[in-house]
Amino acid sequence: MREIDAGALAEAVARLCIQANTCLPGDVRDGIAAARVEEDWPPAREILDRIMENGEIGGGLPICQDTGMACVFLEVGQEVHIAGNLTQAVDEGVRRGYAQGYLRKSVVSDPLERVNSGDNTPAMLYTELVPGDRLTVTVAPKGFGSENMSRIAMLKPSDGLEGVRRFIVDTVEQAGPNPCPPIVVGVGIGGTFDKCALLAKKALLRKLGAPSPLPFYARLERDLLAEINALGIGPQGFGGRTTALAVHIETLPTHIAGLPCAVNLNCHVARHATEVL
């Protein structure tokens with residue numbers, strides 16, 4: 001049994017909050033650069049140029065003014081013991097990271113009374129037990145310009161592939177420019193109502209454009225990306241062929257009477273950072 005002090009977890013979360021909010025991931029930079037080469041609409045090319053420039057000259061400043069709600073994913077090895085309170089350590093890390101990084105505090109303590117918590121806590125914490133003696137920490141700040149455009153549908157099995165495809169494309173079309181395209185489209189199919197939504201959010205953690213390991217879904221990702229980009233929404237909604245940078249699909253088995261489908265949209269920044277303890 002390997003012991004990890006809760007204080008080390010808090011320090012890691014604090015570092016990752018700052019890193020994720022200030023550093024444009026390399027796979028995202030590459031994806032935007034590739035889209036720029038293929039884009040032939042002048043306003044779209046200009047916007048993609050400005051996005052790349054913004055990522056290069058930030059100088060440690062947040063990539064976006066909406067530094068998001070801290071979504072924290074933990075893969076906890078079964079041979080790991082956390083010495084201390086895990087949930088409190090994660091929230092303490094968020095508290096420190098958002099203070100030290102001068103990141104905007106965007107969380108309200110109650111959804112209706114709307115009083116700011118003052119430190120961007122609590123984190124949205126997702127914990128998964130895995131084999132081994134390591135603790136993998138991923139922080140994915142989620143801005144709500146894109147989160148608000150996400151949807152879930154409890155489709156009928158008879159809706160089939162066409163129903164799933166139509167729901168995904170309609171979600172992007174209804175979102176229009178609101179999620180700051182070019183976007184990354186995370187899709188969850190299967191499971192239950194809640195698990196499906198989590199699948200869609202976890203799909204956004206994949207390396208940008210990395211295909212599903214399942215050939216059927218890899219083809220579906222490619223087809224959906226082409227269909228979404230044919231909508232003509234384009235970067236920031238000014239038209240063009242770059243509405244989305246990638247479509248990522250994750251699936252789970254589901255009930256014979258159901259076909260849950262969730263779409264979690266992300267802006268082009270696709271922020272996430274990972275550390276292994």
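Which strands each supply at least two residues of the lining of the largest cavity? In this predicted model, the answer is strand S2, spanning residues 69–77, and strand S5, spanning residues 135–142. Of the elements involved, S5 gives the most, with three residues in the lining.

Helix H1 (residues 6–22) packs with helix H4 (residues 86–100) at an angle of about 40°, and their axes lie 7 Å apart. H1 and H4 are therefore oblique to each other, and their crossing is right-handed. On the H1 side, the contact is made by Ala6, Leu9, Ala10, Glu11, Val13, Ala14, Cys17, Ile18 and Asn21. H4 answers with Leu86, Ala89, Val90, Glu92, Gly93, Val94, Arg96, Gly97, Tyr98 and Gln100. Within this contact of H1 with H4, 12 residues are nonpolar, four are polar and three are charged.

Helix H2 (residues 26–38) and helix H3 (residues 42–57) form another pair, with axes that come within 10 Å and cross at roughly 155°. Angles over 145 degrees count as roughly antiparallel, and H2 and H3 are therefore roughly antiparallel to each other. The crossing of this pair, H2 and H3, is left-handed. H2 contributes Ile32, Ala33, Ala35 and Arg36 to the contact, while H3 contributes Arg45, Leu48, Asp49, Ile51 and Met52. By class, the contact of H2 with H3 contains six nonpolar and three charged residues, and no polar ones.

A further pair is made by helix H6 (residues 160–175) and helix H8 (residues 215–229), which pack at about 40° with their axes 10 Å apart. That angle makes H6 oblique to H8, and H6 passes H8 in a right-handed crossing. Leu161, Arg165, Ile168, Val169 and Val172 of H6 meet Phe216, Leu220, Leu224, Glu227 and Ile228 of H8. Eight residues of the contact of H6 with H8 are nonpolar, two are charged and none is polar.

Finally, some details of the backbone deserve a look. Most residues other than glycine have a negative phi, and most peptide bonds are trans. A cis peptide bond joins Thr121 and Pro122, with omega about 5°. Tyr102 also lies in the loop between H4 and S4. The phi of Tyr102 is near 55°, a positive value in a residue other than glycine. Another cis peptide bond runs from Pro181 to Pro182, where omega is near 10°. Pro182 is found in the loop between H6 and strand S7 (183–191).

Definitions and conventions:
Residues numbered from 1 in each chain as written. Predicted model: local features only at pLDDT ≥ 70, side-chain atom pairs only at ≥ 80, totals over all residues. Heavy atoms only, no water. Helix = DSSP H or I, 4+ residues; strand = E, 2+ residues; numbered from the N terminus. Axes fitted to C-alpha atoms, helices over the stretch in contact; angles between N-to-C directions. Parallel < 35°, antiparallel > 145°, perpendicular 65-115°, else oblique. Left-handed = near helix turned anticlockwise from the far one by under 90°. Contact = heavy atoms within 4.5 Å. Nonpolar A, V, L, I, M, F, W, Y, C, P; charged D, E, K, R; others polar.
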